[in-house]
Amino acid sequence: MHDRSRVPTLSLTRITLSSGRTVDLTELRLAPTYGDMPPGYPCRPVNDRRIRALLHTAARMSPTVPVHLIPPPREYPDQYAGALGPVETLPRVSCVGRFSSTPLSPARDPITHRSGLTVIWLQPTTRVPDTYDTDPALHDVAWTSLAQDYELGDPQYGP
């Protein structure tokens, strides 16, 4: 009988990092950056709270896979500053993606082991990233220093 838990899942997309390593996007959650914003306006305290919430979401997505935040660009439109400081905006779409690749350790069997990393980034559209049209910061993720090896089928790492 075939053991389905050891068969790698198909990815949403494959990205080639600047280092030359290819990584598969195996899970992606998109949300409007300001979809659940309390009354007020976008400013540094609101944005910092939103980023902390994204870090919490990413940690729950796969508790034992490391999480990496790509610092989002912050814009300061020429608008009246309120009680919480100047208006500061982030890109419209918040992304939390789980990526996997071949194992980091050459001693691990590439059939039964993978390396994984959950990445948070913000972007202006809902497009799924790809090798040719992706934020350069996503291509520059330092996979070998951030990701972690895991064994396929190990329930603590998920799919």
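Is Cys43 buried or exposed, and what is its relative accessible area? Cys43 is buried, with a relative accessible area of 0%, where buried stands for a relative accessible area under 20%, exposed for one over 50% and partly exposed for the range in between, calculated with a 1.4 Å probe and protein chains only. Cys95 is likewise buried at a relative accessible area of 0%. The structure holds zero disulfides, a disulfide being a pair of cysteine sulfur atoms within 2.5 Å.

The model is a predicted one, in which local features need pLDDT of at least 70 and side-chain atom pairs count only at pLDDT 80 or more, while totals for chains, interfaces and linings use all residues. Residues are numbered from 1 along each chain as its sequence is written, and side-chain values use heavy atoms, with hydrogens and water left out.

## Overall make-up

The chain contains three helices and six strands, and along the sequence these elements follow the pattern β-β-α-β-β-β-α-α-β. Helices (H or I, at least four residues) and strands (E, at least two) are taken as DSSP runs and numbered from the N terminus. Of the 159 residues, 38% count as buried, and the accessible surface comes to about 9,100 Å², of which 57% belongs to carbon and sulfur atoms; these areas come from the Shrake-Rupley method with a 1.4 Å probe, and for residues only the protein chains shown count as cover. Among contacts with a separation of 6 or more, 71% are accounted for by residues 24 or more positions apart, a contact meaning heavy atoms within 4.5 Å.

## Strand pairing

Two strands are said to pair if DSSP finds at least two bridges between them. The table sets out pairings of this kind.

| Strands | Sense | Bridges |
|---|---|---|
| Strand 1 (residues 13-16) and strand 2 (residues 22-32) | antiparallel | four bridges |
| Strand 2 and strand 4 | antiparallel | eight bridges |
| Strand 3 (residues 67-69) and strand 5 | parallel | three bridges |
| Strand 4 (residues 93-101) and strand 5 | antiparallel | nine bridges |
| Strand 5 and strand 6 (residues 148-151) | antiparallel | four bridges |

Strand 1 and strand 2 form a hairpin with five residues between them, and Gly20 in the turn has a positive phi of about 100°.

Strand 5 (residues 113-123) is mostly covered, with eleven of its eleven residues buried. His113, Ser115, Leu117, Val119, Trp121 and Gln123 point one way from strand 5, whereas Arg114, Gly116, Thr118, Ile120 and Leu122 point the other way, and all are buried.

## Aromatic rings and a charge

A pair of aromatic rings is described by the distance of the centres and the angle of the planes. Rings of Phe, Tyr and Trp (its six-membered ring) count as paired if their centres lie within 6.5 Å, with planes under 30 degrees apart called stacked, those over 60 edge-to-face and the rest tilted. The structure holds one aromatic pair. The ring centres of Phe99 and Trp121 are 6.0 Å apart and their planes stand at 45°, so the pair is tilted. This pair links distant parts of the chain, Phe99 in strand 4 and Trp121 in strand 5, 22 residues apart, and both residues are buried.

Tyr150 takes part in an arrangement of another kind, in which Arg98 lies over the face of its ring, at 5.5 Å from the ring centre. A charge is taken to sit over a ring if NZ of Lys or CZ of Arg is within 6 Å of the ring centre and within 35 degrees of the ring normal.

## Two further residues

His68 lies in strand 3 and is partly exposed, with a relative accessible area of 21%. Leaving aside neighbours within four places in sequence, His68 is in contact with Leu117, Thr118, Val119, Ile120, Val141 and Leu146. The C-alpha atoms of His68 and Val96, 28 residues apart along the chain, are separated by 9.7 Å.

Pro136 lies in helix 2 (residues 136-139) and is exposed, with a relative accessible area of 55%. Pro136 and Ser18 are 118 residues apart in sequence, yet their C-alpha atoms are 8.8 Å apart in space.
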